[in-house]
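Here is a short briefing on one protein chain. Look at the sequence and the structure first.

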Amino acid sequence: MHPVLWIAPEHRNRFFNSMAFCTLLVAAALGILGQALHTPHAPMGVLSFELAFTADALRQMFAEWMPQRAISVGFQLGLDFLLIPLYALSLSAALLYSRREPARWIHILAWLLLVAGACDGVENTCLLRCLIDGPTDGLALAAGLFASIKFAILVAALVAWPAL
């Protein structure tokens, strides 16, 4: 059974509303803080960072960001670690609470959202290692692949949710 289904039915609405509010609050903070990271080598800011795929691309971003934006980059990663459980649980709850008896594919997608959160955690760890120790092609590629999996799952969930 998915963890969000452990919440008693009478508390699910409050749980979802709280999780969704916190998710939107942290996502908005990330969006505002992330504006400083939009540069020529990172036109999409943090999204460019997550999907760089190569050490050279990361080095170019770091050259534009450091040292003035170093705190912003670190803060972005830290807040993103906070966002992971928030979005994974709130989107799972949105899917599973949308119907009295959700279809099997909805349960699968809700579990995949937890996989997306795990992928996000691995991606962030790879990017943090690149920030601390310097980028390597292996870490940049791993971050990009895990980010791609995460985004594919998130897009599937966001497309499926209104269809419910």
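This is a predicted model: local features need pLDDT of at least 70, side-chain atom pairs count only at pLDDT 80 or more; totals for chains, interfaces and linings use all residues.

The structure holds 4 salt bridges. Salt bridges with shared partners join Glu50, Asp120, Glu123 and Lys150 into one network.

**Salt bridges around Lys150**
- Lys150 pairs with Glu50, with the closest N and O atoms 3.4 Å apart.
- That pair links distant parts of the chain, since Lys150 is in helix α6 and Glu50 in helix α2, 100 residues apart.
- Lys150 and Glu50 are buried.
- Lys150 also forms a salt bridge with Glu123, at 3.0 Å from N to O.
- Glu123 lies in helix α5 and Lys150 in helix α6, so this pair ties together parts 27 residues apart in sequence.
- Glu123 is buried, as is Lys150.

- Arg129 and Asp133 meet in a salt bridge of 2.1 Å, N to O.
- They sit 4 residues apart in helix α5, about one helical turn.
- Arg129 is partly exposed at 35% relative accessible area, and Asp133 is exposed at 52%.

**Helix α3**
- Helix α3 spans residues 55-65, and its buried residues include Leu58, Met61, Phe62 and Trp65.
- Cover for the buried residues of α3 includes α2, α4, α5 and α6.

**Surface patch**
- Leu33, Ile71 and Phe75 make a nonpolar surface patch of about 320 Å².
- Leu33 belongs to helix α1, residues 12-33, and is partly exposed at 33%.

**Cysteines**
- The disulfide count is 0.
- The sulfur of Cys126 is 7.0 Å from its closest cysteine sulfur, in Cys130, too far for a bond.
- Cys126 is buried at 10% relative accessibility, whereas Cys22 is partly exposed at 32%.

Definitions and conventions:
Residues are numbered from 1 along each chain as its sequence is written. Side-chain values use heavy atoms; hydrogens and water are left out. A disulfide is a pair of cysteine sulfur atoms within 2.5 Å. Buried means under 20% relative accessible area, exposed over 50%, partly exposed in between (1.4 Å probe, protein chains only). Helices (H or I, at least four residues) and strands (E, at least two) are DSSP runs, numbered from the N terminus. Contact means heavy atoms within 4.5 Å. Patches are made of residues with over 30% relative accessible area and no salt bridge: like charges are joined within 9 Å, nonpolar side chains (Val, Leu, Ile, Met, Phe, Trp, Tyr) within 5 Å. Accessible areas come from the Shrake-Rupley method with a 1.4 Å probe; for residues, only the protein chains shown count as cover. A salt bridge is a side-chain nitrogen of Lys or Arg within 4 Å of a carboxyl oxygen of Asp or Glu.
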